Amino acid sequence: MTKIRARLLAVLVALCGLCGFLTVAGSPTATAAPTLPGSLSFDGTPLTVSRGRFVDGNGREVVLRGYNVSGETKLAENKGLPFASVADAKKSAAALRALGGGNSVRFLLSWAYAEPVRGQVDTTYLAAVTDQIRAFLDAGIRVYPDFHQDLYSRHLFNTGSWYTGDGAPKWAVDLGGYPSESCGICFLWGQNITQNNAVKAGQYDFWHNAHGIQDNFLATAQQTMAYVKQHLTDEEFAGVVGFDPYNEPYAGTYTSGETSRTWERDLLWPFYVKFRARMDAAGWQDKPAFVEPNMFWNGTVSKQEGGLLDVGALGSRYVFNTHFYDQKAISGVLMWGKAENGQYVSDFGTVRDRAAATGTAAIVSEFGHPLSGMVSDKAPTVLKGMYQALDSRVKGVSWWNTPAASGPVLSGSQWQWDIYNGRHHELMNGNPDKVITTADAWNDEDLSAVRLDDSGTVTLRQTSRLLDRIYPSATSGTTVAFTYEDRSRDGSTTLTWNPVPSSLPNTAQLVGSGQYSLLVWRSNGGTAPTELHLPASFPTATTTVVSDLGTVYGPPAYTTTTKIAAATEPGGTGSRRLLLSTTDSGTLHYALVTNGALAPTTALLTAARTELSAWVAQKMG
């Protein structure tokens, strides 16, 4: 299987180098840009996939955390772009780094605007896309673009429709001659995926390359990637992680004898092989494709067999990429009450298992929950549960007893980061009598973590304790266990799902009612430090670190000889990181970080260190 795939890729790369039925105006190669503000000698290296993890040029495991930017791309008001201007993109990027704690974004693109006329890429659109991507790269945020679609295309829907879509251009829809769209009795827009005959037919045609539309899409994708690479400097392009070929793939309709599993094998996977070849031809050969299985493979209500079960080892050229939404919680009737401690660790554990089985890294490129409406009261617990499951596959009540079962820390991109939330002006399906201004302005969704206030300042719509989190952004070695107790709030109630156990009384006293994280890792001899993102709720001067490397209250500024230190993150946004330095190999290290006790005594720090050292030796030594 591997040899056949390799030969097919070689042929496709050769062919793609010759195929040019889409043209893009040339321009001079971009020149090198200065190093980002706040960068240190080990920053700015490209990411690759190795040993089932994202890895930087220093051999450190990297965790990507951030948001989708953004659902605005689905709308017509900014012509398929996430932002109305580069200035807005820069404002959003700075806030995402400083308020949202993100180090990466999934950047949505529109096929409809990239190729509005068949065979002709719109370079004006691609130039705007590249400029807006650069705004995030300049803020020190890694980017992976995504050609987005939902319900195949907005052009399937008439001006009076209850719903809308995004994705395919009008010319592709016109070729299909699809029936008038109708979802019948639908309570949620997603029901169109399996109930709307026009949507189903459009999806079916794409996967079967009816009228050559998939060929056009692949050619557009290649030209888009080539344009982006050509118009970014090498330093900027190093911050582009990879590409998500297609959002939430689904067959539309299965043919006689076909199953969800065989569809993945016979239609979805060959598409990804072709897309991978287009990436290579566009100069993205060192970046992975973020491939998604059948969108229903891990559903909590609608579920179909899948998860790329028959593709063998994906290796370093692909990433196992999936979404997760709790359909029961969103339904309003299938889950009464709120999410519980550990509710999603099994679901996210399945993601870890599938990535491990395919020999690659995993990312949950969408997760979230409505922030208004009748199920919005569940959002604080649902989102806390999802972040908990990204951090560890062990629920809080069990973590201190079985930390070694944590598994790798998962990368993830929350849906979504739309600064225009509640301030849209979208003519739904082009209808001037149906102007949508509220929420996300798309099919009654309201999931954006941010909005602009009346002064034009980016403001969080969710508690910063939940969003701006400690996570191991780069680990010099292998992560053995990680947890973060954010003590986020549900209304006036503080949610504590992973308290320090009474068996560690000095550590519990040190943490008190504060937030804390605990990372355990095994070193690999690398010279670059381990990094953890420091949220705004962890001021450097009042942050406590207890580690086998030492104890510190108020970490000093980073130097190459300082074992526990603080520094700004690249990009000049003011966000910060904790740096833990050691050059040994094969040694088990730990670091507890808390904003609990103010000015703890030396005796308390020493006692907590003794407790934690014994605990690590007992549980993971």
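1. Leaving aside neighbours within four places in sequence, Phe136 is in contact with Val69, Phe83, Ala89, Ser92, Ala93, Leu96, Val105, Phe107, Ile141 and Val143, where contact means heavy atoms within 4.5 Å. This is a predicted model, in which local features need pLDDT of at least 70 and side-chain atom pairs count only at pLDDT 80 or more, while totals for chains, interfaces and linings use all residues. Residues are numbered from 1 along each chain as its sequence is written, and side-chain values use heavy atoms, with hydrogens and water left out.

2. Phe136 and Trp417 touch the most other members of the largest nonpolar core, which has 108 residues. Helix H10 (residues 260-281) gives the largest share of this core, nine residues. A second, separate core has 24 residues, including Val480, Val500, Leu510 and Leu588. A nonpolar core is a set of buried Ala, Val, Leu, Ile, Met, Phe, Trp, Tyr and Cys residues joined through side-chain atoms within 4.5 Å; buried means under 20% relative accessible area, exposed over 50%, and partly exposed in between, with a 1.4 Å probe and protein chains only. In soluble globular proteins, nonpolar side chains tend to be buried together.

3. Seven strands form an open sheet in the order E6-E5-E4-E10-E9-E8-E7, with parallel pairing; two strands pair if DSSP finds at least two bridges between them. Helices (H or I, at least four residues) and strands (E, at least two) are DSSP runs, numbered from the N terminus. The edge strands, each pairing on one side only, are E6 (142-148) and E7 (289-291), and neighbouring strands of this sheet are turned by 30 degrees against each other on average, direction ignored. Strand E4 (residues 65-69) is joined to strand E10 (residues 411-414) by three bridges, and Tyr67 stands opposite Gln414 in E10.

4. H10 lies across E7 and strand E8 (318-324), running at about 125 degrees to E8. Axes here are lines fitted to C-alpha atoms, for helices over the stretch in contact, and angles run from 0 to 180 degrees between N-to-C directions.

5. Another open sheet has five strands in the order E16-E19-E25-E21-E22, and its pairing is antiparallel. Its edge strands are E16 (477-485) and E22 (550-553), each of which pairs on one side only, and the twist averages 10 degrees from one strand to the next. Eight bridges join E16 to E19, with Thr479 opposite Trp521 in E19, and eight bridges join E19 to E25, where the bridge partner of Arg522 is Leu588. Because seven of the nine residues of E19 are buried, E19 is largely enclosed by the rest of the structure.

6. Is Asp56 buried or exposed? Asp56 counts as buried, because its relative accessibility is 7%. Asp56 lies in the loop between strand E2 (53-55) and strand E3 (61-62), and its side chain reaches the backbone nitrogen of Asn58 at 2.9 Å. Not counting residues up to four places away in sequence, Asp56 touches Thr45, Pro46, Leu47 and Val62.

Definitions and conventions:
Polar contact = N/O pair within 3.5 Å; in protein donor to acceptor, adjacent residues only side chain to side chain.
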